[in-house]
Amino acid sequence: MTFLLTQLQQDIINQYQKGFPLCSRPYKALAEQFNSTEDIVLREIQVLDENGFLSRIGAVFNHQKAGASTLAAIAVPESELDSVAEIVNQFEQVNHNYGREHRYNLWFVATANNDKALAEVLEEIEKLTNYPVLILPMEESYHIDLAFNINFAVAQQSRH
Amino acid sequence: MSQLSSAQHLHQLEQERSVTENDSTGIFSTAKSNIAVNREKDALSLSQQQELRAILEKGLPHAAQPYLLIAQALNTTEAQVLAQIQLWQEDSLIKRFGLVVKHRKLGFKANAMVVWNIADEQVDDVAAQLSSCSEVSLCYRRPRRLPDWPYNLFCMIHGTDREIVTAQIDAMVKKFSLSYVEKDILFSFKAYKQQGARYTKQGI
């Protein structure tokens, strides 16, 4: 796999995962920091988005304050993994769903407005998949630092 | 949140904006006039707050003035949208506001969930030790589900290479004398879904 990101794209990614300017022209603020222009910054972010590097620019809400949320897992025979994953994915309340190497091989995060709504979603998943769901809500958060630092070779194309 | 502190936050935003009001393009004139609106009338209603949350979960519109577009959609002012986001950040309702990347696409493909069965009386200490390692991005305590699931401490390591991640875990085990602890390493092999959490169903 080859992907080349400009230095500006890498700088934007490295510096703005934990905070984004709260002002009328945020991309202009970014541009000033990087000696660039608002148009270029907007375009670079568009490129990142179109090439699938960016999920969104937005808020990650505190699960406990924002509503109910839990990690959950299902042990699925390998031959059924894709089809069960598809059933789980159909739920709008499921935001992450990964295959992992373990007897419990399907891991997902479900969120809802409140505990009751969350429980209903999980019950429905059990019913539709026909497998019991291991429900593992967070009891204590010790550490969260979900920012990814990248440092790739810089794309050779001109960016000026 | 009291009226007073809301007003204080708005005041801060005004001060920040006054620095940029010299901008020769005159782009800020709209925002400036919005600020003049009576603040109490200006406060977001609960349904507007709900809508704003839904928008922020999905992501800012791709435009030079995203907050202004949001304000127009909510029928409020840009200043109020900015103030609300800032308040939520200070209240920690928003734990992160910024770019959300697709980490697998960026080369972080060796993603290990390391699960440990730590004695209850030691779990806080071990969690603090593991959290001190720069390669650990998340560390949570969760309930055991016996007999199927004996693990109560979870940490995530997002790495670019499986061997490096395995070596990092070995180093942690050695450094914190955890070789006696029952653990498991669950590398992910496929992302079936990755999207921001949707607590709210409505949106624009």
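This is a predicted model: local features need pLDDT of at least 70, side-chain atom pairs count only at pLDDT 80 or more; totals for chains, interfaces and linings use all residues.
The contact between the two chains draws on 81 residues from chain A and 84 residues from chain B. The area buried between chain A and chain B comes to about 7,800 Å², and carbon and sulfur atoms give 58% of that area. On the side of chain A, the residues that lose the most area to chain B are Leu22(A), Phe61(A) and Tyr142(A), which together account for 11% of what that side buries.

Among the elements of chain A, β1(A) gives the most to the side that touches chain B, namely eight residues. When that side of chain A is sorted by class, it has 43 nonpolar, 24 polar and 14 charged residues. The count of salt bridges between chain A and chain B is four, and Asp148(B) forms a salt bridge with Arg103(A), in which the closest N and O atoms are 3.9 Å apart.

The largest nonpolar core has 41 residues, and those that touch the most other members are Phe20(A), Leu52(B), Leu56(B), Tyr67(B), Ile85(B) and Phe97(B). Two or more residues of this core are given by each of α1 (7-15), α2 (26-33), α3 (38-50) and β1 (54-61) in chain A, and by each of α4 (46-58), α5 (66-74), α6 (78-90) and β1 (94-101) in chain B. The largest share, five residues, comes from α3(A). Apart from this core lies another, of 23 residues, including Ala127(B), Cys133(B), Ile157(B) and Val165(B). In soluble globular proteins, nonpolar side chains tend to be buried together.

Tyr67(B), when its neighbours within four places in sequence are left aside, is in contact with residues of both chains: Phe20(A), Pro21(A), Leu22(A), Cys23(A) and Pro26(A) on one side, and Leu60(B), Glu78(B), Val81(B), Leu82(B), Ile85(B) and Phe97(B) on the other.

Ala71(B) lies in helix α5 of chain B, and this residue counts as buried because its relative accessibility is 0%, where the cut-off for buried is under 20%. With neighbours within four places in sequence again left aside, Ala71(B) is in contact with Thr76(B), Thr77(B), Glu78(B) and Val81(B). Of these, Val81(B) stands ten residues from Ala71(B) in sequence, and the two residues are 6.2 Å apart in space from C-alpha to C-alpha.

Technical notes: Residues are numbered from 1 along each chain as its sequence is written. Chains are lettered from A and ligands numbered from 1 in the order in which they are written. Side-chain values use heavy atoms; hydrogens and water are left out. A nonpolar core is a set of buried Ala, Val, Leu, Ile, Met, Phe, Trp, Tyr and Cys residues joined through side-chain atoms within 4.5 Å. Buried means under 20% relative accessible area, exposed over 50%, partly exposed in between (1.4 Å probe, protein chains only). Helices (H or I, at least four residues) and strands (E, at least two) are DSSP runs, numbered from the N terminus. Contact means heavy atoms within 4.5 Å. Buried area is the accessible area (1.4 Å probe) that two parts lose on being put together, summed over both. A salt bridge is a side-chain nitrogen of Lys or Arg within 4 Å of a carboxyl oxygen of Asp or Glu. Ala, Val, Leu, Ile, Met, Phe, Trp, Tyr, Cys and Pro count as nonpolar, Asp, Glu, Lys and Arg as charged, and the others, Gly among them, as polar.
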